[in-house]
Amino acid sequence: MRTLGNIIWFMAAGFWSWLSWITTGLLLCITVIGIPFGIQCFKIANFGLFPFGKVITPSNRVSSFLWNIIWILLFGWELFMIHIITAFFLCITIIGIPFANQSFKLAMLCLFPFGVTIKKL
């Protein structure tokens, strides 16, 4: 089932999500200050390409918390809102609910990308 979900996700939204995250990551990596943020964009892009069958586990490190606060203030809240609105519209239909769940995962990853590990099931 996860393969079918990933194929549908890739065709509907995954490729465009991946492309936008990779582009943002490359733009952030142009400057030395933006490199840590660009690396997190690459992490989110890889998750957003095929999210079914992956689990996100957060970290409790203080350094991750500080980086996440900076991320939320600069980039995170806008990206979070985009994924939440997308998830809301996906929840309108029964077929869209599993995809909305993945969009909620992306939204949480948009808020707190530092210190997060993504594992395959």
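Me: Are phenylalanine 88 and phenylalanine 89 buried or exposed?
Reply: The model is predicted, so local features need pLDDT of at least 70, side-chain atom pairs count only at pLDDT 80 or more, and totals for chains, interfaces and linings use all residues. Residues are numbered from 1 along each chain as its sequence is written, and side-chain values use heavy atoms, with hydrogens and water left out. Buried means under 20% relative accessible area, exposed over 50%, and partly exposed in between, with a 1.4 Å probe and protein chains only. By that scale, phenylalanine 88 and phenylalanine 89 are exposed.

Me: In what order do the elements of the protein run from the N terminus on?
Reply: Helices (H or I, at least four residues) and strands (E, at least two) are DSSP runs, numbered from the N terminus. The protein has four helices and two strands. From the N terminus on, the order is α-α-β-α-α-β.

Me: What radius of gyration does the protein have, beside the globule rule for 121 residues?
Reply: The radius of gyration is taken over C-alpha atoms, and the globule rule is 2.2 Å times the number of residues to the power 0.38. For 121 residues the rule gives 14 Å, and the protein comes close to this, so it is as compact as a globular protein of that length. The radius of gyration of the protein is 14 Å.

Me: What share of the 121 residues counts as buried?
Reply: The C-alpha atoms fill a box of roughly 40 × 30 × 25 Å along the principal axes. Of the 121 residues in the protein, the buried share is 37%.

Me: Which backbone nitrogen does the side chain of asparagine 6 reach?
Reply: Asparagine 6 is found in helix α1, residues 2–28, and is buried at a relative accessible area of 11%. Contact means heavy atoms within 4.5 Å; leaving out residues up to four places away in sequence, asparagine 6 touches Phe50, Pro51 and Phe52. At 2.9 Å, its side chain reaches the backbone nitrogen of phenylalanine 52.

Me: How many aromatic pairs does a search of the whole structure find?
Reply: Rings of Phe, Tyr and Trp (its six-membered ring) pair if their centres lie within 6.5 Å; planes under 30 degrees apart count as stacked, over 60 as edge-to-face and the rest as tilted. Ring pairs link Phe10, Phe15, Trp16, Trp18 and Phe50 into a cluster. For the whole structure, the number of aromatic pairs found is 14.

Me: How many residues apart in sequence are the parts that the pair of phenylalanine 37 and tryptophan 67 ties together?
Reply: Phenylalanine 37 and tryptophan 67 are edge-to-face, at 5.6 Å centre to centre and 70 degrees between the planes. Phenylalanine 37 lies in helix α2 (residues 35–49) and tryptophan 67 in helix α3 (residues 62–90), so the pair ties together parts that are 30 residues apart in sequence.

Me: How far is the sulfur of cysteine 91 from the closest cysteine sulfur?
Reply: A disulfide is a pair of cysteine sulfur atoms within 2.5 Å, and a search of the whole structure finds zero disulfides. For cysteine 29, the nearest cysteine sulfur is that of cysteine 41, 7.9 Å away. For cysteine 91, the closest is in cysteine 110, too far for a bond, at 16 Å.

Definitions and conventions. A polar contact is a pair of N or O atoms within 3.5 Å; within protein, one must be able to donate a hydrogen and the other to accept it, and residues adjacent in sequence count only if both atoms are side-chain atoms.
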